[in-house]
Amino acid sequence: MSKYLIINADDFGSFLGANTATFELLERGCITSSTIMMPCMWARQACHWAAEHPQYAIGVHLTTTSEWGKCKWAPVAHEGTESLRDEEGYMWAESDLFEEHADIDEARRECLAQLALAKKLGLNPSHWDNHMGSLYGIATGRMELLEMILELSAEVGLPFRFPQLGVAGQEENRTLDIALPREVLEMLFGQVQQFIQARGVVCPDYLIPHDYNKDNSRDYEQFRDYMFSWVELFPHGVTETYIHPSAENGEVLAASHAGIHRVWEYNLYKDPKFQQHLADCGIKKISYRDLAAMRG
């Protein structure tokens with residue numbers, strides 16, 4: 001079996017720098033897919049660009065959390081989303097807060113509202129996924145959220161980001177922020193695999209994002225070296241990884257101390273040496289449209 005890799009740029013539409021970086025990475029073939037944050041201020045530009053470039057696999061980054069302290073957003077659906085809002089009317093800051101407060105019907109309504117807005121702005125979505133994994137239910141064990149979004153994915157006919165298989169050490173990845181014990185996680189993968197296959201939902205085999213810690217994020221050079229080694233560990237089958245690329249500007253750097261990491265990701269993925277390394281590792285880049293064609 002070959003090693004296939006979907007490289008998805010999350011947070012398309014969040015900042016102007018994110019849009020600029022995503023435009024370039026898609027056009028240069030450095031990434032294969034992207035998803036747009038519909039509640040954010042630059043989503044309109046992202047959707048219009050996607051409509052003008054239908055050859056790229058661009059979808060909706062279902063957003064139910066607003067974690068950036070200096071930049072906040074609220075639900076797209078103006079009514080019937082009271083449980084999805086904090087005391088200031090914005091989305092909850094973290095996944096666990098969303099999971100604790102969210103009414104299932106209101107969460108479903110918001111997902112459909114974000115999809116409808118994207119289509120209204122010209123997007124022909126190839127897939128959808130979830131910002132911060134809030135719809136997975138793994139922060140608090142509310143698995144009915146995951147069941148809802150998988151059922152909804154079958155209903156609207158869109159591939160969804162959720163792995164059917166786990167890899168060793170995945171529960172220790174801080175980016176994934178999994179709070180479930182390993183044995184529960186393994187059981188969950190088995191149940192989800194049966195669920196999505198029964199309903200015909202297209203999902204990748206693995207979800208393996210990189211992680212930031214003291215051993216790989218001191219500076220760009222250290223991060224780059226870590227990433228070269230990290231991709232060598234990808235398994236056979238279809239893996240998705242996601243990044244949050246951004247051109248360097250005052251907007252993204254002011255929004256969070258982590259903004260510089262987004263600049264690093266942009267610089268790394270447009271580096272021809274890194275792209276060649278992916279090929280040397282036997283990795284074949286595919287998009288979500290390719291995955292849908294393979295498994296549809």
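**Note on the parallel strands and aromatic pairs**

1. Four bridges join strand β2 to strand β3 (residues 57–62), and the two run parallel. Within this pairing, T35 stands opposite G59 in β3. The chain passes from β2 to β3 by way of helix α2 (residues 43–52), and this β-α-β crossover is right-handed. The model is a predicted one.

2. Strand β2 also pairs with strand β1 (residues 3–12), in the parallel sense and over three bridges. Here N8 is the residue opposite S33 in β2. Helix α1 (residues 16–27) carries the chain from β1 across to β2, in a β-α-β crossover that is right-handed.

3. The side chains of β2 (residues 33–36) deserve a remark. S33 and T35 point one way from the strand, S34 and I36 point the other way, and all are buried.

4. The whole structure contains 13 aromatic pairs. One of them joins F12 and F23 edge-to-face, at 5.8 Å centre to centre and with 80° between the planes. Because F12 lies in strand β1 and F23 in helix α1, the pair ties together parts that are eleven residues apart in sequence. F12 has 0% relative accessibility and therefore counts as buried; F23, at 15%, counts as buried too.

5. A further edge-to-face aromatic pair is formed by W230 and F234, with 4.7 Å centre to centre and 80° between the planes. Both W230 and F234 are buried.

6. Two other ring arrangements may be recorded. F12, F23, W49 and Y56 are linked by ring pairs into a cluster. R199 lies over the face of F195, at 3.6 Å from the ring centre.

Notes: Residues numbered from 1 in each chain as written. Predicted model: local features only at pLDDT ≥ 70, side-chain atom pairs only at ≥ 80, totals over all residues. Heavy atoms only, no water. Buried < 20%, exposed > 50% of the residue type's maximum accessible area, 1.4 Å probe, protein only. Pairing = 2+ DSSP bridges. Right-handed = clockwise from strand over helix to strand, strands pointing away. Phe/Tyr/Trp six-rings, centres within 6.5 Å; stacked < 30°, edge-to-face > 60°. Lys NZ or Arg CZ within 6 Å of the ring centre and 35° of its normal.
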